[in-house]
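Please read these notes with the model open beside you. They go point by point.

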Amino acid sequence: MNVTQDLSFLSLITNASVLVQLVMALLLGVSLTSWTYIFSKMFAIKKARTQTEEFERNFWSGGNLVDLYAAATNSRRTGRDTSGALERIFEAGMSEYHKVKSANKASLDAGAMLDGARRAMRASYQREMDLLEAHLSFLASVGSVSPYIGLFGTVWGIMNSFRGLANVQQATLAAVAPGIAEALIATAIGLFAAIPAVLAYNRYSHDIDRLAIRFETFIEEFSNILQRQSR
C-alpha cells in the first residue's frame, strides 16, 4: 500500500527535483497555451468557412455586384463582425476598381482598373491569410520542441537517481524505481503537450490551404468579371 501511494502520479511530481518540476511546469503552461490556440483557431476556421460559403452563394446567385459591395461596405463601417474574409477581399477589389475608374473617366484605362483591383485583392488576401495563420507557428514549435524539453527533464531525473545510488551499498529496483518514474513523467507531459499540437497544426494547415485556394480562385474569377465589364 505504501509503495502504491509513493508511486502515485501526484507524489511523483511533488517529490521530483526542482529542475524536473520546473520542466513539468513549463510543459504544462505550454500545453494550456496550445490548447487555448487550438480551440480558438478551430472556431475561427469554422467561422471563416461558413462566411466564405455564404458569400459565395450570394455572389454566384446572380445578384447585383453594386448591392453586394454596398452591403460589404456598410458591414465594415458599422463595425459589425459579419463580413467574412472573402467578402473583404471582394470589397477591396471593388473599392479600388471604382477609385481607378473615377480617376480615369476621360481615358477609361481598362488595364489600369483591372490591375488596381487585382493588387488590392491580393493585398487583402495576404492580410486575411496572416489572420488565419496566426499562432500556427506556435503549435508547430510546441509539437517539435516539447518532447525534447520533457526528455531533458527525464535525463536529469534519471541522472540524479543514479547519483543517489552511489551512497547505497546494495542497489535494488525498489530504490531506483521512484526516481526513474519521476523522471519519466516529464517525458509523458512533453508528449501530452506535443501530440495535440502536431495534430491540430496539420489539420488547421490543411483547412487554411483549402480556404486559400478558394480565395485565389475567387480573385481570378472576379478579375475576369471585372475585365468583361470594363470593355
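The points below run from the overall fold to single residues.

1. Ground rules. This is a predicted model, in which local features need pLDDT of at least 70 and side-chain atom pairs count only at pLDDT 80 or more, while totals for chains, interfaces and linings use all residues. Residues are numbered from 1 along each chain as its sequence is written, and side-chain values use heavy atoms, with hydrogens and water left out.

2. Fold. The chain has eight helices and zero strands. Its pattern along the sequence is α-α-α-α-α-α-α-α. Helices (H or I, at least four residues) and strands (E, at least two) are DSSP runs, numbered from the N terminus. Of the 231 residues in the chain, 37% are buried. Buried means under 20% relative accessible area, exposed means over 50%, and partly exposed lies in between (1.4 Å probe, protein chains only).

3. Nonpolar core. The largest nonpolar core holds 38 residues. Such a core is a set of buried Ala, Val, Leu, Ile, Met, Phe, Trp, Tyr and Cys residues joined through side-chain atoms within 4.5 Å. Phe59, Leu65, Phe90, Phe215 and Phe222 have the most contacts inside this core. At least two core residues come from each of α3, α4 (65-77), α5, α6, α7 (136-164) and α8. Helix α8 gives the largest share, 13 residues. As background, nonpolar side chains in soluble globular proteins tend to be buried together.

4. Aromatic pairs. Rings of Phe, Tyr and Trp (its six-membered ring) pair if their centres lie within 6.5 Å; planes under 30 degrees apart count as stacked, over 60 as edge-to-face and the rest as tilted. By this rule there are 14 aromatic pairs. Take Phe55 and Phe90: their ring centres are 5.4 Å apart and their planes stand at 50 degrees, so the pair is tilted. Phe55 belongs to helix α3 (residues 18-60) and Phe90 to helix α5 (residues 85-103), so this pair ties together parts that are 35 residues apart in sequence. Both Phe55 and Phe90 are buried.

5. A pair within one helix. The ring centres of Phe218 and Phe222 are 5.7 Å apart with planes at 10 degrees, so the pair is stacked. These two are four residues apart in helix α8 (residues 173-229), which means that about one helical turn separates them. Phe218 is buried at 3% relative accessible area, and Phe222 is buried at 0%.

6. Charge over a ring. The charged end of Arg122 sits over the ring of Tyr125, 5.7 Å from the ring centre. The rule asks for NZ of Lys or CZ of Arg within 6 Å of the ring centre and within 35 degrees of the ring normal.

7. How big is the volume of the largest pocket? It is about 220 Å³. On a 1 Å grid over the protein atoms alone, a pocket is an open set of points where a 1.4 Å probe fits, with protein on both sides within 12 Å along at least five of seven lines; lining residues have an atom within 4 Å of a point. Grid points are joined across faces, edges and corners, and the volume is the space filled by probe spheres set on the points.

8. Pocket lining. Twelve residues line the largest pocket, and Ala44, Ala48, Arg88, Glu128 and Leu132 lie nearest its centre. Helices α3, α5 and α6 (110-132) each give two or more lining residues. Helix α3 supplies the largest share, five residues. By class, the lining has five nonpolar, two polar and five charged residues. Here Ala, Val, Leu, Ile, Met, Phe, Trp, Tyr, Cys and Pro count as nonpolar, Asp, Glu, Lys and Arg as charged, and the others, Gly among them, as polar.

9. Loop residues to check. Which residue has a positive phi although it is not a glycine? His135 does, at about 75 degrees. His135 sits in the loop between α6 and α7 and is partly exposed at 37%. Gly84 is in the loop between α4 and α5 and is buried at 3%. Gly84 and Ala48 are 36 residues apart in sequence, yet 6.1 Å apart C-alpha to C-alpha.
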